[in-house]
Amino acid sequence: MTKHKKKPQASVAFYNNPENRALIYQVIVLLAIFLFTYFVLNNMFINIEKRGINTGFDFLNNEAGFGILQTLIHYDESDTHGKVFIIGLLNTLLVSFISIFFATVIGLLIGIGRLSKNFMVAKLSMVYIETFRNIPILLQILFWYNVVLASLPTPKQSLSYFDTIFFNNRGLYIPRPILESGFIAVFIAFILGIVAVIFLRKWSKKRHEETGEEFPIVWTSIAILIAAPTLVFFISGSPATLDYPALKGFNFKGGWSLIPELLALTFALSIYTATYIAEAVRAGIEAVPKGQKEAANALGLKDYIILKKVVLPQALRVIIPPVINQYLNLTKNSSLATAIGYPELVTVFAGTSLNQVGQSIEIILMTMAVYLTISIFISLIMNYFNSRTKIKER
């Protein structure tokens, strides 16, 4: 009787292993991506060479030759495209972080108001959310710029507040502080005040755990941060003055001027993004079990104490992840400023500079890298804050 030899099943067994099969698929996908990328880049460089287009980043040292409406650092037409890039980046960061601050404050207030027991407050919050959330952000930017701000009076008929702040169709004018050499002492006092607040917060937390008594940490911290620099300011001989805006000719001179483009973009981004933050706040508050609120009520705590000490600390776990996404969306939506001419990165660098030098690949890659870096930076900060708000298990 002959025995049949079994054929080797090594190859079949290797492929039938789910882990090995998954590894094979991943390698195939990576190879396909690599080949596609190589084909695209190779084709791009061949076309660039045929058309005689210059490549490289030498254009950043060329003279720009155009003016910019708003700059946070000194700039004139003889400066380079590299400086245009920096100015556009600074203007993008300015409008993004101002809008993030106001969107957070508005969103928190509207989100809490959405759940208010007061009928009018709750319904007005709902109307606000449903109205501004469903209008495209670009239309809101154009509305604030072309309708609201354009209808303001001329500089000669400006809206005046205390004869130091002026608001008209050319922007908002406020006093500008001029710092002298002795102001460094005031700055050091403010830094020391921050350090004192940090230690005070740790002390109050330890005291609360040991005795259960509350310490007015918020108001005390505010008093320290205001009183310490103010005291040093007067002791050191008031080393700062204010440059007040004044009407000279057809416009105001002096002070700080916030151009209408910045105001319109900030209003639109803040109000639009606040609607989504408000819904995240509402969802986070509603995610807190009702038993937590009922227990706090049974202890006789006031409503604002319950919200501050019981509800919001637990709701932050639900609120923060979607809010991170809204911060990223707001930063990217700032590129819509090109519709009204606000001189941010896309308008002056990926717009005017690109039209002058024609090196679209380098300019677009630099612009994309900036938005990617800003988004990663915001994500890292917010994810760190999110990790600090997690409930620590024992």
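Me: Which residue in β2 is the bridge partner of Leu159?
Reply: Phe167 is the bridge partner of Leu159. Bear in mind that this is a predicted model.

Me: And how many bridges between β1 and β2?
Reply: Three, in the antiparallel sense. Strand β2 covers residues 165-168.

Me: What's the strand order in the sheet?
Reply: β1-β2-β3-β8, an open sheet with antiparallel pairing. The edge strands are β1 (159-161) and β8 (256-258), and each pairs on one side only. Neighbouring strands are turned by 15 degrees against each other on average, direction ignored.

Me: Switching to charges. How many salt bridges in the whole structure?
Reply: Six. Some of them link up: Glu130, Arg133, Glu279, Arg282 and Glu286 form a network.

Me: Take Glu130. Which residue does Glu130 bridge to, and at what N to O distance?
Reply: Arg133, with the closest N and O atoms 2.9 Å apart. They are three residues apart in helix α4 (residues 119-133), so about one helical turn separates them.

Me: What about Arg133 and Glu279?
Reply: Their side chains meet in a salt bridge, 3.8 Å from N to O. This pair links distant parts of the chain: Arg133 sits in helix α4 and Glu279 in helix α8 (residues 260-287), 146 residues apart.

Me: Why does Glu279 count as buried?
Reply: Because its relative accessible area is 16%, and buried means under 20%.

Me: Where does Glu286 come in?
Reply: Glu286 forms a salt bridge with Arg282, closest N and O atoms 3.1 Å apart. The two are four residues apart in helix α8, so about one helical turn separates them. Glu286 is partly exposed, at 48%.

Me: New topic. Which residues make the nonpolar surface patch?
Reply: Among them are Ile184, Phe187, Phe190, Val195 and Phe199. The patch has about 910 Å² of accessible area together. Val195 lies in helix α6 (residues 183-211) and is partly exposed, with 38% relative accessibility.

Me: Where does UniProt put transmembrane regions?
Reply: The unreviewed entry lists several, including 84-110, 131-152 and 182-203. In the model, residues 84-110 are 100% helix, with end C-alpha atoms 38 Å apart. Residues 131-152 are 68% helix and 0% strand, with ends 24 Å apart.

Me: Which domain does UniProt list for 89-382?
Reply: "ABC transmembrane type-1", again from an unreviewed entry. That span is 70% helix and 10% strand, and its end C-alpha atoms lie 21 Å apart.

Key
Residues are numbered from 1 along each chain as its sequence is written. This is a predicted model: local features need pLDDT of at least 70, side-chain atom pairs count only at pLDDT 80 or more; totals for chains, interfaces and linings use all residues. Side-chain values use heavy atoms; hydrogens and water are left out. UniProt positions are given in the numbering used here, feature names are shortened, and annotations may be inferred rather than shown by experiment. Two strands pair if DSSP finds at least two bridges between them. Axes are lines fitted to C-alpha atoms, for helices over the stretch in contact, and angles run from 0 to 180 degrees between N-to-C directions. Patches are made of residues with over 30% relative accessible area and no salt bridge: like charges are joined within 9 Å, nonpolar side chains (Val, Leu, Ile, Met, Phe, Trp, Tyr) within 5 Å. Accessible areas come from the Shrake-Rupley method with a 1.4 Å probe; for residues, only the protein chains shown count as cover. A salt bridge is a side-chain nitrogen of Lys or Arg within 4 Å of a carboxyl oxygen of Asp or Glu. Buried means under 20% relative accessible area, exposed over 50%, partly exposed in between (1.4 Å probe, protein chains only).
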